[in-house]
Amino acid sequence: MDKTNTIISVKNLVKKYDDFTAVQGISFDVYENEIFGLLGPNGAGKTTTLEIIETLREKTSGEITVDGFSVDKDSIKIKRIIGVQLQAAGYYPNLNLVELMELFSGLYGVDIKPMDMLEKVNLQDKAKVKYKALSGGQKQRFSIATTLINSPKIIFLDEPTTGLDPQARRNLWDLIIDIRNNGTTVVITTHYMDEAEQLCDRVAFVERGEIIALDTPDNLIDKLVSTGFERKKEVKKANLEDVFINLTGKEWREG
Amino acid sequence: MSKPYNHTKATLALAKASFRSIMRSPSAVVFTLAFPLIFILVFGFLGGGGIKVDVAVSPGSDLENPVINALEHHSVVHLLIDKDPQEIKRGLEKGTIDAVITVQKNKAGIPAYLANVQYTSASIDKGSIFKSVMSSLLYTLNTQNTEPAIAKLQESTIQGRIYRTIDFILPGQLGFSLLSTGVFGTAFVFFGLRQNLVIKRFFATPVRRSSIVFGEGLARIGFALLGAVFIILVGHFFFHFTLIHGIVTVLNMLLLSVIGLIVFMGFGFVVSGIAKSESTIPPISNIITLPQFLLSGTFFSIDAFPSWLQPISRALPLTYLNDAMRKVAFEGAGLWDVKQQILIMVIWGIGIYAVAVKVFKWE
């Protein structure tokens, strides 16, 4: 896999609100067909950075290009080639999943079969159910399905696994890896380091609006270990989550 | 990918989604259809009764005489026999009985009977009606066998168009329906879409802002017109609502409905912009709708209001919508004949959308 084709380039991005600076001079590149993670505590500026790249928010200064298009001049062209999952976004009220899919296919101006899209995220049984009636994991899967409607080159997932149970989380990981394997670049934010370690090809740590580290998870861990760091407790071959999954099963759940 | 983006398609997709959503929203259906229909039913059945004057016959009165006989068959008078003096006294004081009559044989011989009528200050209007009923009645009775010496009165009524209560009530209810769906519906939907980040998700697609507003407006207009047709048809076929030129009149009314609704939706946009939370939408919307509901001639003609109140009534947009609707439906006026009313609504529209552009929030 050729990993050196830059698809998103962010240079010296700054975002100032009235009285504080949310992002102070971030620069990074996302390569084509990788899963890129933005990690960091709440309020570090992850979502702000993501939304500026998604053309949903104005930047204060800096340069961003997405697949060669500038966010300043070609925001509409960018919107056509990206898929966006927002943190805690809602959907049009009183509509079922098929009807929502029809709405989004109209908004993106593409012809899709709603059932095919729902099948991709294993929600075909919920076709006539309203979004509100879905479980947390199903909601996130549906959100991801809406990002795939326009066959995007890049999808952005903002904390897709927050609040999910271990099964739903692992199912979502499988789904995200599938999407990447089909040729889509994935940019993801998360609080969970195990998730980043499992999913991401490269991660950037964001803290107080700055990037403090950017590398593959392996390299970052190796670097830390080379400084003489050791875990207090010897690591076992499995953790408690593995026990939980092993006991309760790994299949898709309704709950 | 190279195919150009189709804004019309996006707008229509939004309109379709919004229409489906409105049809499934209980509050939209209740405000647009159920409320106006209930009022129409109530007034439809109330109407047509005309004025009735309740006249008690005092217990001591003679009952077998020409005066009582004639009153019994009078269309305006409702005689109450078998009331005891206490009941009559209380009725007169409260105004539930408009007058009391006693008829006695005249012991002196001529005239044969003496009729005593007592009115009440609690019901002066109906008392006066009864007064003229009595004088014309006695005149007829007294001149039965004689030719008048000076002039004989000959009366006839021309059979005109019947103006029923429904002809007044229905246009008012239609206006109210448009007002509430325009203000409440628009305010709630846009506030909700903004609050739940639905609009933000839309912004991540290539859709234009104007498409979102047009799509939503299109759906609401479609829904309101469906409601208007339903209200007009129920009124026409069940309560004989007058449609002078039939289908042409209906089309004119629908066109007026669209103009009215667009203006009222402007208020909705303003409310959705200034409301701080979901629970502040109803009070703010009520401040806009209630005065119009009461003062714009929905239930009563504006002419019946005190003169200091009338200028306020004549400043409200619903007044002109109601006025235009009634002229079109009952008098058979064309849209050009109500151009003044339309012009005032358009001026309101321009004003309110100027405010809406300033206060409307997308996120």
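**Figure 1. Helix α6 of chain A on a sheet.** Helix α6 (residues 166-181) of chain A lies across β3, β7 and β8 of chain A and runs at about 150° to β8(A). Helices (H or I, at least four residues) and strands (E, at least two) are DSSP runs, numbered from the N terminus. Angles run from 0 to 180 degrees between N-to-C directions, and axes are lines fitted to C-alpha atoms, for helices over the stretch in contact. Two residues are in contact if their C-beta atoms, placed from the backbone, lie within 7 Å. The model is predicted: local features need pLDDT of at least 70, side-chain atom pairs count only at pLDDT 80 or more, and totals for chains, interfaces and linings use all residues. Residues are numbered from 1 along each chain as its sequence is written, while chains are lettered from A and ligands numbered from 1 in the order in which they are written.

**Figure 2. The mixed sheet of chain A.** The open sheet has 6 strands in the order β6-β7-β8-β3-β9-β10 (chain A), and its pairing is mixed. Because β6 (82-85) and β10 (210-215) of chain A stand at the edges with a single partner strand each, one side of each is left without a neighbour in the sheet. On average, neighbouring strands of this sheet are turned by 15° against each other, direction ignored. Two strands pair if DSSP finds at least two bridges between them. β6(A) pairs with strand β7 (residues 154-158) of chain A in the parallel sense, over 4 bridges. Within this pair, A:I154 in β7(A) is the bridge partner of A:I82. Helix α1(A) packs on the sheet and touches β3 (35-39), β7, β8 (185-190) and β9 (202-207) of chain A. The direction of α1(A) makes about 155° with that of β8(A).

**Figure 3. The antiparallel sheet of chain A.** In this open sheet, 4 strands follow the order β2-β1-β4-β5 (chain A), with antiparallel pairing. The edges are held by β2 (21-31) and β5 (69-70) of chain A, each with a single partner strand, so one side of each is left without a neighbour in the sheet. Helix α1 (residues 46-53) of chain A packs on this sheet, where it touches β1 (6-16), β2 and β4 of chain A, and its direction makes about 120° with that of β1(A). Strand β4 (residues 61-66) of chain A pairs with β5(A) in the antiparallel sense over 2 bridges. A:T65 stands opposite A:S70 in β5(A).

**Figure 4. Two packed helices of chain B.** Helix α9 (residues 247-274) of chain B packs against helix α10 (residues 281-295) of chain B at an angle of about 145°, and their axes are 10 Å apart. From α9(B), the residues B:F267, B:V271 and B:I274 meet B:I281, B:I284, B:S285 and B:I288 of α10(B). By class, this contact of α9(B) with α10(B) has 6 nonpolar, 1 polar and no charged residues. Ala, Val, Leu, Ile, Met, Phe, Trp, Tyr, Cys and Pro count as nonpolar, Asp, Glu, Lys and Arg as charged, and the others, Gly among them, as polar.

**Figure 5. Where chain B touches chain A.** In this view, 24 residues of chain B are in contact with 22 residues of chain A. On the side of chain B that touches chain A, α1 (7-23) and α7 (198-203) of chain B each supply at least two residues. The largest share of that side, 8 residues, comes from α1(B). By class, the side has 13 nonpolar, 6 polar and 5 charged residues.
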